[in-house]
Each structure stands twice: as C-alpha cells, then as structure tokens.
Amino acid sequence: MAITLIRFALVAPSGDAGTEPTPPIGLAYLSAMCKAEGVEVQGIDAAGKNLNKTFKIPEYNLKGNGLEISEIINLINPKTKVIGISSMFSHEWPYVRDCIKLIKKNFPKANIVVGGEHATALPEYCLRDCKAIDYISLGEGEETWSEIIKQKDNNFNDIAGLAYLKNDEFVKTDLRKRIRHIDKIPWPDWNTFPIEPYLDNAVSFGPGSGRNMPILASRGCPYECTFCSNPLMFGRRYYVREINDLINQIKHYIEKYKITGLQFYDLTAIVKKNWVLEFCKALKEN
C-alpha cells in the first residue's frame with residue numbers, strides 16, 4: 001500500500017511577522033512507523049519544501065508559507081491509496097479544509113485520514129464541514145496507522161481510534177488506549193521529511209538560533225488547562241522516555257546533523273523532578 005503524508009503550508013494572519021514554520025515531527029513519527037512496517041511512504045512538507053515562499057489567502061485574510069496546494073497535488077504519488085493529513089490549529093482549518101477538498105477531487109479513490117489536535121478536538125465538526133474526509137484519526141496516531149496500513153480493502157470502519165460519517169451519522173470506533181511504552185515508537189523519520197532546510201536556515205520554534213533539533217522526551221500532560229486541547233488529544237496520562245534512549249537519539253543527531261541545540265516539543269517536559277535531574281546528569285556526563 002502506498003501512503004502519502006502531508007503537512008500543508010504554514011498559515012498565519014496576513015499581518016503576522018513572527019510566526020516561523022516548524023518541522024512536522026508528528027508526521028515524521030508516523031512515517032517512521034510506516035517504514036518499520038515495510039510500507040512505501042511519501043512525505044510532503046509544504047513549508048520545508050520552500051521556506052522562502054509566501055502567498056496570500058485573501059478569502060480568509062491569511063497568508064501561507066511554503067508550497068501552494070496546486071504544487072502539492074502535483075507531487076502526490078498517483079498510486080497513493082491513503083493520504084494522511086495533519087490538522088493542528090483551528091485558525092488554519094478553513095484553508096486546510098479547502099486543500100483537502102481539492103486533493104479529494106484529484107484523488108477520488110484514495111482514503112483521506114486527518115489527524116492532529118484540531119481534528120481530534122472537533123471530529124464531528126470537521127467531518128461535516130469537509131465531506132471529502134473519510135476518517136479522523138483521534139489522539140496518538142502510531143498504533144492506529146499501524147492497523148490502517150495493513151488493511152487491504154480500504155475499509156477502516158472497525159479500526160479503533162477513528163471517527164467517520166456513516167449514512168450521515170457520526171461514528172466513533174472504540175477508544176484506543178494511550179501508548180504506554182513510548183520508547184518502542186521509532187525515532188522520527190527525517191529522511192522522508194527532510195530536516196535540513198530548517199537546520200540550514202536556523203528556522204525553529206521559539207527562541208534560539210543555529211541548528212536546533214526538535215525532540216520529544218515525554219508524551220501527554222497531567223493537567224487540564226482551559227486553553228489546551230491535551231485532555232482530548234492525550235488525556236491526563238503522562239509518560240516519559242527512557243533516559244538512555246533519549247541520550248542515544250541526541251548523540252545520533254549530533255553525529256548525523258551536526259546540531260548545536262535541542263528544542264523540546266513536549267507539552268510539559270518538567271513534571272517529574274527526579275527524571276529531569278537524572279536526564280540533566282546524563283546529558284552532562286555524555
């Protein structure tokens with residue numbers, strides 16, 4: 001089965017001057033999992049493909065940074081059976097919705113599966129607002145996708161962790177349990193989603209300069225801040241990685257990508273004080 005994973009261009013208000021694209025670490029994790037299962041996977045990171053390109057989205061008073069949808073469609077493998085799309089933030093949904101409709105128009109036989117924070121928080125709304133979507137992947141996607149890629153008939157209705165419309169009725173399959181042993185998840189695949197454009201141009205999330213690498217040391221958050229979608233995306237279970245595995249990943253990044261800094265994308269990286277102290281000690285020793 002041929003899989004295509006897509007992150008559309010960065011979307012921001014027209015007058016915004018401080019928002020930079022960031023590497024699509026969520027899709028890089030999914031790509032690594034697909035490869036571990038021996039599945040052909042294509043990654044399209046619209047921002048990473050052209051960090052210097054911006055374009056107007058006048059109908060929503062927004063601007064885009066990266067490839068436009070017509071360019072993305074031309075890159076999609078014609079043999080693709082399943083197209084995975086990231087939908088993280090609500091402000092970008094109108095543009096993402098329009099892009100999904102155009103992709104479905106050009107690839108009507110492909111199943112479109114949308115995941116991410118926005119899609120998980122508002123699955124029924126997304127499905128009704130964009131009938132081109134076949135399925136919403138809820139919460140963590142790795143185990144859900146490990147089942148999707150094994151299906152031969154393109155019918156995912158019985159896979160846990162999905163939402164869809166059936167005869168215009170909203171359906172949610174069985175709730176998928178959180179991934180407890182997160183060290184078993186393969187490291188992000190930065191070959192399918194090249195990280196070098198971000199490193200070479202010192203483009204990253206938040207403050208910092210140089211070759212800053214995104215990394216995750218934990219998953220989830222035990223709190224329920226009112227502004228945050230975490231309770232819907234992950235629940236309140238908080239898991240940390242094994243420190244040795246994290247140190248080995250950092251060593252690998254230093255050797256392969258010559259990184260000069262790390263940027264932790266964790267929701268709440270410092271919940272467990274003892275773990276933080278042990279990690280800092282191991283970091284210093286290495």
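Q: What makes a residue count as exposed, buried or partly exposed in this predicted model?
A: A residue is exposed when its relative accessible area is over 50%, buried when that area is under 20%, and partly exposed in between.

Q: Why is Lys258 called exposed?
A: Lys258 has a relative accessibility of 54%. The cut-off for exposed is over 50%, so Lys258 counts as exposed.

Q: Where does Lys258 lie, and what is noted about its phi?
A: Lys258 sits in the loop between helix H10 (243–257) and strand E14 (261–264). Its phi is near 55°, a positive value in a residue other than glycine.

Q: Why is Asn61 called exposed?
A: The relative accessible area of Asn61 is 53%. Exposed requires over 50%, and therefore Asn61 is classed as exposed.

Q: Which loop holds Asn61, and what is its phi?
A: Asn61 belongs to the loop between strand E4 (54–57) and strand E5 (62–65). Phi of Asn61 is near 55°, which is positive although the residue is not glycine.

Q: Why is Asn212 called buried?
A: Asn212 has 11% relative accessibility. Buried means under 20%, so Asn212 counts as buried.

Q: What does Asn212 touch, and in which strand is it found?
A: Asn212 is found in strand E11 (residues 212–215). Leaving out residues up to four places away in sequence, Asn212 touches Leu199, Ser204, Gly261, Leu262 and Gln263. A contact here means heavy atoms within 4.5 Å.

Q: How do you know that the radius of gyration of the protein agrees with that of a compact globule?
A: The globule rule is 2.2 Å times the number of residues to the power 0.38. For 286 residues, this puts a compact globule near 19 Å; the protein has 19 Å, so the two agree. Along the principal axes, the C-alpha atoms fill a box of roughly 60 × 40 × 40 Å.

Q: What share of the residues is buried, and how many helices and strands are there?
A: Buried residues make up 51% of the 286 residues. The protein has 11 helices and 14 strands.

Q: What share of the contacts joins residues at least 24 apart in sequence?
A: Counting contacts between residues at least 6 apart in sequence, 73% join residues at least 24 apart.

Q: What makes up the accessible surface, and how far apart are the mean positions of the charges?
A: The accessible surface comes to about 14,500 Å², and 51% of it belongs to carbon and sulfur atoms. The mean positions of the 36 positive and 34 negative charges are 2 Å apart.

Technical notes. Residues are numbered from 1 along each chain as its sequence is written. This is a predicted model: local features need pLDDT of at least 70, side-chain atom pairs count only at pLDDT 80 or more; totals for chains, interfaces and linings use all residues. Side-chain values use heavy atoms; hydrogens and water are left out. Helices (H or I, at least four residues) and strands (E, at least two) are DSSP runs, numbered from the N terminus. Buried means under 20% relative accessible area, exposed over 50%, partly exposed in between (1.4 Å probe, protein chains only). Accessible areas come from the Shrake-Rupley method with a 1.4 Å probe; for residues, only the protein chains shown count as cover. Lys and Arg count as positive and Asp and Glu as negative; His and the chain ends are not counted. The place of a charge is taken as NZ of Lys, CZ of Arg, CG of Asp or CD of Glu.
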